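Here is a short briefing for a first look. Please keep the sequence and the 3D view open while reading.

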Amino acid sequence: MTDTRHPNTGIRLQDLVERFGGQLVGDPDICVTAIAPLDSAGPSHISFLSNSKLRALAAQSGAAALILSPLDDPAVSATYEGARIVTTNPYAYFARAAQYFASLSEIVKAPGIDPSASVSKDAVVDPSVHIGPHVTVEAGAVIGAHAVIDAGCFIGRDARIGQGTHFFANVTFHAGCSIGARGIVHSGAVIGTDGFGFAVEGGVYIKIPQTGCVVIGDDVDIGANTCIDRGALADTIIEDGVKLDNQIQIGHNCHIGAHTAMAGCVGVAGSAKIGKHCTFGGAAMVLGHLEIADNVHISSGSMVSRSVLEPGQYTGFYPLAKNAEWERSAAIVRNLASMREKIRALEKTIKTLTEQK
């Protein structure tokens, strides 16, 4: 197998606009080869402005062209001399353009199976698939067209991997699990481990067999060292377009709705059901068996201890304070119940005295 690298010949601004839309102001024949930050972009670069606070920096940028919004364009164009692509969502435009520029110089993995890989004769591997060194593919596994399985990955029995999905090095994908098309799974991720399920009898833990699987949709990104447990009886479900950052734990039988995104170190306990288009800040925690509606946004470090049935932004953490101040506040919180009873008693006494007058 011989990998190849695409030559980066750049793209004309007119071709970029035809590909991604937007209104071009300036020379359509300018060729750009990469996206660069506003303060370091040069004459072969295109840059973007998504934060209006940086208008002055954008106006002084050395980029050949800028991607910016209709609101920012008048202020920037007064002094900026390069071409401009005006679009309603510059950050999304930047993301799509960045994907394109990355593809211009990407290394294309050659189809084929490395001689050191162990691929069962009972596995179904499309001829266009790349399987790297020391990969294991067990019997019954199915790997779709143009998938890339990098070095050291393990693909369990009867697992299914969709078209164009990329497993980076040392991903573990256990038996019976499936992922759809165009997925990205980063190194160290483990999918399909046993859920944390035990019964207790006489103080002794009795393991509950985890016989479900993990079913992952299309266009899902899974970060490094993230773990997704298989279901106990039913499956753990990750719907289309979900984005999971590094070091996330998804417990068994969870259901994560389409296009939900979670930042690093989020933990979701078993059987939680999370809706579509939700976001979770870093280190947010969700207790088990809860339900979270669509379009719910949980702040970083928050603990979700009850179901959230209405869309909106939710925050559940105590602000950082000096330790002595925190201890005083904690002592007050511990006494809130007795303080409430005293206040109720006082209110009752005042009411009685008022009625006697």
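Is His134 buried or exposed? At 58% relative accessibility, His134 counts as exposed; the term means over 50% relative accessible area, while buried means under 20% and partly exposed lies in between (1.4 Å probe, protein chains only).

This is a predicted model, in which local features need pLDDT of at least 70, side-chain atom pairs count only at pLDDT 80 or more, and totals for chains, interfaces and linings use all residues. Residues are numbered from 1 along each chain as its sequence is written, and side-chain values use heavy atoms, with hydrogens and water left out.

**Overall build**

- The chain has six helices and 41 strands. Helices (H or I, at least four residues) and strands (E, at least two) are DSSP runs, numbered from the N terminus.
- The radius of gyration of the chain is 27 Å, whereas a compact globule of 357 residues would have one near 21 Å. The radius is taken over C-alpha atoms, and the globule rule is 2.2 Å times the number of residues to the power 0.38.
- Along the principal axes, the C-alpha atoms fill a box of roughly 90 × 65 × 35 Å.
- Of the 357 residues, 39% count as buried.
- Take the contacts between residues at least 6 apart in sequence: 19% of them join residues at least 24 apart. A contact means heavy atoms within 4.5 Å.

**Surface and charge**

- The chain exposes about 18900 Å². Carbon and sulfur atoms supply 56% of that area. Accessible areas come from the Shrake-Rupley method with a 1.4 Å probe; for residues, only the protein chains shown count as cover.
- There are 27 positive and 34 negative side chains. Lys and Arg count as positive and Asp and Glu as negative; His and the chain ends are not counted.
- The centres of the two charge sets lie 11 Å apart. Each charge is placed at NZ of Lys, CZ of Arg, CG of Asp or CD of Glu.

**Salt bridges**

- The structure holds 12 salt bridges. Each is a side-chain nitrogen of Lys or Arg within 4 Å of a carboxyl oxygen of Asp or Glu.
- One of them joins Arg12 and Asp29, at 2.7 Å from N to O. This pair links distant parts of the chain, 17 residues apart: Arg12 is in strand β2 (residues 11-12), and Asp29 is in the loop between β3 (23-25) and β4 (31-32). Arg12 is partly exposed, with a relative accessible area of 29%.
- Another pairs Lys109 with Asp150, whose closest N and O atoms are 3.7 Å apart. Lys109 lies in the loop between β9 (107-108) and β10 (112-113), and Asp150 in the loop between β16 (148-149) and β17 (154-155), so the bridge ties together parts 41 residues apart in sequence.
- The two partners differ in cover. Lys109 is partly exposed at 32% relative accessibility, whereas Asp150 is buried at 10%.
- Glu239 and Lys276 also meet in a salt bridge, at 3.6 Å from N to O. They sit 37 residues apart: Glu239 is in the loop between β29 (236-238) and β30 (243-244), Lys276 in the loop between β35 (273-274) and β36 (279-280). Lys276 is partly exposed, at 36% relative accessible area.
- Salt bridges that share partners join Arg12, Asp15 and Asp29 into one network.

**Positive phi in two loops**

- Phi of His134 is near 60 degrees, a positive value in a residue other than glycine. His134 lies in the loop between β13 (130-131) and β14 (136-137).
- Arg182 is also a residue other than glycine with a positive phi, near 60 degrees. Its place is the loop between β21 (178-179) and β22 (184-185). Arg182 counts as partly exposed, at 47% relative accessibility.

**Helix α5**

- Ala324 lies in helix α5 (residues 323-334) and is partly exposed at 44% relative accessibility.
- Ala331 is in helix α5, and is partly exposed at 27%. Ala331 and Asn225 are 106 residues apart in sequence and 38 Å apart in space, C-alpha to C-alpha.

**A buried glycine**

- Gly197 lies in the loop between β23 (190-193) and β24 (198-201). Gly197 is buried, with a relative accessible area of 5%.
- Gly197 and Ile208 are 11 residues apart in sequence, and their C-alpha atoms are 5.4 Å apart.
- Not counting residues up to four places away in sequence, Gly197 touches Ile206, Lys207, Ile208, Gln210 and His252.
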